[in-house]
Amino acid sequence: MAESTNGEPRIGVYVCDCGTNIAGKVDVPAVVEFAGSLPHVAVAREYKYMCSDPGQEIIQKDIKEMGIDRVVVAACSPTMHEPTFRKAVQSAGLNQFLFQMANIREHDSWVTEDPVEATEKAKHIIDAAVHRVVFQEPLEAIEVPMNSDVLVVGGGIAGIEAALKMADAGHTVHLVERDPSIGGHMAQFDKTFPTLDCSACILTPKMSAVGKHPNIKLHTYSEVTEVDGYVGNFKVKVNKKARYVDIDKCTGCMLCTEQCVVAKVPNEFNESLDNRRAAYIPFPQAVPLRATIDPERCLQLTRGKCKQTCVEACGPGAIDFEQKDELVELEVGAIIITTGYQTFDNERIARYGYGQLPDVISSLEFERISNASGPTGGEIVCKNGEKPRSVAILHCVGSRDENYNEYCSRVCCMYSLKFSHLIKEHLPETEVYQCYIDMRCFGKGYEEFYKRLMNEGVVFIRGRAAEVTAASKRQAETEGKLLVTVEDTLLGVVRHLPVDMVILSSALQAQPDAKEVAQLFGFGCSSAGFYIERHPKLEPVSTVTDGIFIAGCCQGPKDIPDTVAQAGAAAAGALALVDNRTVKIEPTISYIDPEKCSGCHICVGLCPHNAIVYDAELDAAQVIEAACKGCGVCVSACGSNVPVQRGFTDEQIFAEIEGALA
Amino acid sequence: MSKPKFAMYWAAACGGCEIAVLQIKEKILEVAENFDIVFWPVATDFKYKDVEAMADGEILLTLFNGAVRNSENEYMAHLLRQKSQVLVAFGACAAQGGIPGLANVSTAAEIKELVYIDNPSVQNPDRVFPVERFEVPEGELDLPHLYDTVRALDQVEDVDYYIPGCPPEGPQIWAVLETIIGILKNGGDLPPKGTVLGAGTKTCCDECSRVKKEKKITGFKKPWEVPWDPETCLLEQGIICMGPVTRDGCGGRCTSVGMPCRGCYGPPPGVTDQGAKMLSTLASIIDAESPEKIAEIAATVPDPLGTFYRFGLAKSMLRRAKV
């Protein structure tokens, strides 16, 4: 075996043709010749497909027979094949970090027009990699123990699904929900499209399965306040808000809610269409079926004075006005975020009259009105109690609109169709107008559902509604009606539709506190506030923070099947981690020499992954290896260049720049 | 046996370094005891010609303070290098270019224009400028030529050691002199060439007594704009303190009395450009949501060049494109 005798590095450079992807533009033989002339390069070769098995074998053979101890592959993007070549190098007995990839495809042949320039550019890119690889050092992956418990944040259908999957797999799942009951938006829906299943009928069995599951620890009326740690070892603080009811004693008999003297509290579950009491259970199928006392409305809690009829009514003596918020500390190995969405604030589009005209209602309000357990007992009626003889459904309210949200909310076309069907089912004589921009019926069975609705007598008008006004009292035939002005773009006429009810198909938006939540857990938000996945195609439920997954509408608007599928994927992702005893961490991370650190704390607060702690004994910042992602923030922030990012040292980067400019 | 020879010279500087040497107090007698002081214009009456007459390397130790900004400074830098075994860049100006280095944002002509014409207290309708040569009956008088660019000593001559500070702290000066005297008496090796003497290897924060926590800056303030708080890190109070990018060794004197570090000890080991490093550090801890807010906060930095490069402009990576 030929070995380097003088301690000088022996670099092998392998230039890939990538079929014609690279060789079609770059003069590969000339590049290989150039690479062979660079300092420390012992061998430079060309091959048609370096990533193929024979291609990899060339490298492995050279490592073994020629004593090559540094490898540069000039081919595609490292995102594509860095793992391939790292493995090949490692299995030939060379540390995988003594390998460097030079991207001469995406950075060069694909984007450079002139072949001469492309060839020159390839030389510079390879020169940079060769300069750099000289300074690369062997690194070893770091292994840390894994906590097998998981945390799910958000108890809508996504959180419920993910929690059940993981609990069934034998893991302890902590499910944290902000509201007094799990269920989320799906619990409010009447039917689901396009199968018209009763939403509650398919959801509530899952909800009660969560409530009864021995592996699920349910934390309702609770919020995560602090997240620390890293994959395999997260430490999470959860604030359990005082519900002023001992949930171990409460039986859910609802006697307290019947006796409560504060009767006029808007009922959130019914979109404030009716009232609840200050002592309440949000809905009959709530899980847990336990009462909560609204601290903002309860007379005892706000004024310190009440007859306390609830206390009298409560057999088991569950009501406790002295209850305080409680901080619970959890330790988990992985986290799934399923915090859902909010609907668009319709009042922002004043010309639609929401909030001004009583019979202009939101989509969620309609869900409750048409629901048999809703405020009208499932009767579709206007505010005056009469059945509407005509209804207009306005699509894209707050969606596909540069003034509000540029994106499509993906579900509004379909739920609008569902509304049309429900109206036609309840009130066959009622006219239903759909004012749409485009019908987007892309899911399984969706187009068929659309076809079905076209045969049910629904009138489809292609055009975004301009405004909704109250019809003039002077015109007898439209008196008391709402007038929807819409340009029918297919007919080329402006129409004024006199209707009794207008339903606004409100956009799905990120939760108002999405940004804070993202920051808390250490990943990013799009400008619209939806959580950013690690890769839009290949890692749609992972985040940039290892061990933290996202699913459902917090990642972007989606329907129930997609939400459930994502929840399953996130559960699988989390299980794939927590089923291991240990977790391996990329070693290209930061290191702080305590002898050099001055303890100024600048880096401590900056680390987006909470990976830097101040060690008072050493009077120095220290990197928690398992939490560091190697982002380099501390490296650039430190006033004395103490943090060193392994694999990206100043020496390596300056050498790379030197090579690129050579 | 004659004593080793000692020299000290004052180039483009304020004179503070000369005074600072006297901060070693009675120890100056020990210097005189161990060294033969052969050249020290501010304290002794030796002339340039006395130095010129010396053999090369005759002086053991020369402390050179001040930057090089004119032909006389440069001549003396070359001369003292030639005559000295150990040449020390003494003080911030010699080591980093110091405050005179800030002149590098102007040309010599612009500076003369400001001083002799645009100065509000000057009346000079005939535009009379000093001339470098002037004939008088007794002969020719000359003034040194003022350069456009101010340089640190090591940008002009080979330097053995650096003693930073504006001025260097007395105890640190004595520590260096004591070490050298010790080596002279008892033998031993001098530190490797290029070593920064009389200073630490960390940053000013290490010596500063204030309590440091995580830093989030929402606006920059001047020291008199914040309530007196002897406990909290000045940077956390929004006062631009160069402590995090400045070599320790001074004992944290400024911050202990509520004044921010100005950066006179130069960058810590591993940092080349003190000002650029401070920008990088500050940019990391500005707490703002939007680019507009960042710009708004950044606009509150008083005199950015003079703050970040107060002592280091001459040696920074920022070089003038042309003169």
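1. Pro167(B) lies in a loop of chain B, between strand 9 (161–163) and helix 7 (170–186). The model is a predicted one, and in it the peptide bond that runs from Cys166(B) to Pro167(B) is cis, with omega near -5°.

2. A cis peptide bond is also present in chain A, where Phe193(A) is joined to Pro194(A) with omega of about -10°. Pro194(A) belongs to the loop that connects strand 8 (191–192) with strand 9 (197–198) of chain A.

3. Met254(A) deserves a remark on its backbone: phi is positive, about 70°, although the residue is not a glycine. The position is again a loop, here between strand 12 (233–240) and helix 8 (255–259) of chain A. For context, most residues other than glycine have a negative phi, and most peptide bonds are trans.

4. Turning to helix packing, helix 2 (residues 53–66) and helix 3 (residues 78–91) of chain A have axes that come within 9 Å and cross at roughly 35°. The crossing of helix 2 of chain A with helix 3 of chain A is right-handed. On the helix 2 side, Gln56(A), Ile59(A), Gln60(A) and Ile63(A) take part, and they meet Thr84(A), Phe85(A), Ala88(A), Val89(A) and Ser91(A) of helix 3. By class, this contact of helix 2 with helix 3 in chain A comprises 5 nonpolar and 4 polar residues, with no charged ones.

5. In a second pair from chain A, the axes of helix 12 (residues 412–426) and helix 13 (residues 446–454) come within 10 Å, crossing at roughly 35°. Here the crossing is left-handed. Helix 12 of chain A contributes Met414(A), Leu417(A), Lys418(A), Ser420(A) and His421(A), while helix 13 of chain A contributes Tyr446(A), Phe449(A), Tyr450(A), Arg452(A) and Leu453(A). The contact of these two helices divides into 6 nonpolar, 2 polar and 2 charged residues.

6. How much area do chain A and chain B bury between them? The figure is about 1,500 Å², of which 51% is on carbon and sulfur atoms. In chain A, the residues that lose the most area to chain B are Ser598(A), Ile602(A) and Gly639(A), which together account for 31% of what that side buries. The contact draws 20 residues from chain A and 20 residues from chain B.

7. As to polar interactions, there are 12 residue pairs in polar contact between chain A and chain B, with both residues at pLDDT 80 or more. The count of salt bridges between chain A and chain B is 0. The side of chain A that touches chain B consists of 9 nonpolar, 8 polar and 3 charged residues.

Conventions:
Residues are numbered from 1 along each chain as its sequence is written. Chains are lettered from A and ligands numbered from 1 in the order in which they are written. This is a predicted model: local features need pLDDT of at least 70, side-chain atom pairs count only at pLDDT 80 or more; totals for chains, interfaces and linings use all residues. Side-chain values use heavy atoms; hydrogens and water are left out. Axes are lines fitted to C-alpha atoms, for helices over the stretch in contact, and angles run from 0 to 180 degrees between N-to-C directions. Helices (H or I, at least four residues) and strands (E, at least two) are DSSP runs, numbered from the N terminus. A crossing is left-handed if the near helix is turned anticlockwise from the far one by less than a right angle, and right-handed if clockwise. Contact means heavy atoms within 4.5 Å. Ala, Val, Leu, Ile, Met, Phe, Trp, Tyr, Cys and Pro count as nonpolar, Asp, Glu, Lys and Arg as charged, and the others, Gly among them, as polar. Buried area is the accessible area (1.4 Å probe) that two parts lose on being put together, summed over both. A salt bridge is a side-chain nitrogen of Lys or Arg within 4 Å of a carboxyl oxygen of Asp or Glu. A polar contact is a pair of N or O atoms within 3.5 Å; within protein, one must be able to donate a hydrogen and the other to accept it, and residues adjacent in sequence count only if both atoms are side-chain atoms.
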